[in-house]
Amino acid sequence: MKRIRSGPQRVQFEISQDEKNLLAHLLRLYPLVPANHQRLSQGRQIPDREENQQLLEDSLNAQRQENRKHVEAMLNEQGRFVECPAGSRVSFSRSEIEWLLQVCNDVRVGSWLALGSPAQHPEILPGVDPQTAQHIVIMEVAAFFEMQLLSAASSGRQSGHA
Amino acid sequence: MPIAAPTEVRPDLEQDAQTDSSADLESGYLVVCWDDPVNLMQYVTHVFQTVFGWERKKAEKHMLEVHEQGRSVLKRESLEKAEFYVHQLQKYTLQATMERDSK
């Protein structure tokens, strides 16, 4: 996957067939982070702590549903991926890049949680078996797409695009 | 916080005068981001830029603080604004919390 054009509104990528399949697989895994994973605070000094925690979880659930709709719409959209000699060309708006980043990172963090939130880099975990290996591969694939999207987002900022 | 290979981050360790502006110090709740070994450094920088509208230098400074010190206080705000920022950071799956400022 490589960026071939950055405009004020959209960024265009060229993506191989294998990368396209991987991206679709990754997006379909979303969401992986449990809804109650995030905490509003670590202490008890926040007013109406339980109520506010519930509001946080409701807000995150609503956002996940919204992102899930975006994913489904993108994967089912006719003409989103246009075939070319190298595979396909696909363009994303800058707002699409933001939710794609959220989705990819959710899958990366969810896979890390499934590994037991290891403190060290998962690639050097002892006792890797086929199941844990799958989570590690998903983490690395998510990181690959995140870096492409971050590069595109950064190019927009450097050229003055919001 | 892992470092991805194709890094474009060029840390700038100069003190950012805006970080501790009087406006940041007015209110009583701290927005804190915590280190973890999973979120990419470039990703964290991007999220700080997006959520707070910070320039890259300031976002990188706080990202490095998270990475090296385990946490960074990103904002001092009212309860409502602090909640809002924590929600925004958590939408990007960063480990962010709020706490009462004891100062």
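Residues are numbered from 1 along each chain as its sequence is written, and chains are lettered from A and ligands numbered from 1 in the order in which they are written. Because the model is predicted, local features need pLDDT of at least 70 and side-chain atom pairs count only at pLDDT 80 or more, whereas totals for chains, interfaces and linings use all residues; side-chain values use heavy atoms, with hydrogens and water left out.

Tyr85(B), with a relative accessibility of 17%, counts as buried. Over all chains, the structure holds eight aromatic pairs, a pair being rings of Phe, Tyr and Trp (its six-membered ring) whose centres lie within 6.5 Å, with planes under 30 degrees apart counted as stacked, over 60 as edge-to-face and the rest as tilted. In one of these, Phe48(B) and Phe52(B) are tilted, at 6.4 Å centre to centre and with 55° between the planes. These two residues are separated by about one helical turn, because Phe48(B) and Phe52(B) are four residues apart in helix α2 of chain B; both Phe48(B) and Phe52(B) are buried. Phe84(B) and Tyr85(B) form an edge-to-face pair, with 5.5 Å between the centres and 65° between the planes. Ring pairs link Phe48(B), Phe52(B), Trp54(B), Phe84(B) and Tyr85(B) into a cluster.

Helix α2 of chain B (residues 41–52) also contains Thr45(B), helices (H or I, at least four residues) and strands (E, at least two) being DSSP runs numbered from the N terminus. Thr45(B) is buried, at a relative accessible area of 2%, and, not counting residues up to four places away in sequence, touches Arg56(B), Ala59(B), Glu60(B) and Met63(B), contact meaning heavy atoms within 4.5 Å. Between Thr45(B) and Leu94(B), which are 49 residues apart in sequence, the C-alpha to C-alpha distance is 11 Å.

Chain B as a whole has four helices and three strands, which follow the pattern α-β-α-α-β-α-β along the sequence. Of its 103 residues, 55% count as buried, and among contacts in chain B between residues at least 6 apart in sequence, 76% join residues at least 24 apart.

Between the two chains, 35 residues of chain A are in contact with 32 residues of chain B. Chain A and chain B bury about 2900 Å² between them, 58% of it on carbon and sulfur atoms, buried area being the accessible area (1.4 Å probe) that two parts lose on being put together, summed over both. Leu40(A), Met147(A) and Arg157(A) supply 19% of the area that chain A buries against chain B, more than any other three residues.

The elements that give two or more residues to the side of chain A that touches chain B are α2 (49–76), α3 (94–114) and α4 (130–158) of chain A, and the largest share, nine residues, comes from α4(A). Ser41(A), in the loop between α1 (17–29) and α2 of chain A, is buried, with a relative accessible area of 5%. Leaving aside neighbours within four places in sequence, Ser41(A) is in contact with Ile46(A) and Arg49(A), as well as with Thr97(B) and Met98(B).

Definitions and conventions:
Buried < 20%, exposed > 50% of the residue type's maximum accessible area, 1.4 Å probe, protein only.
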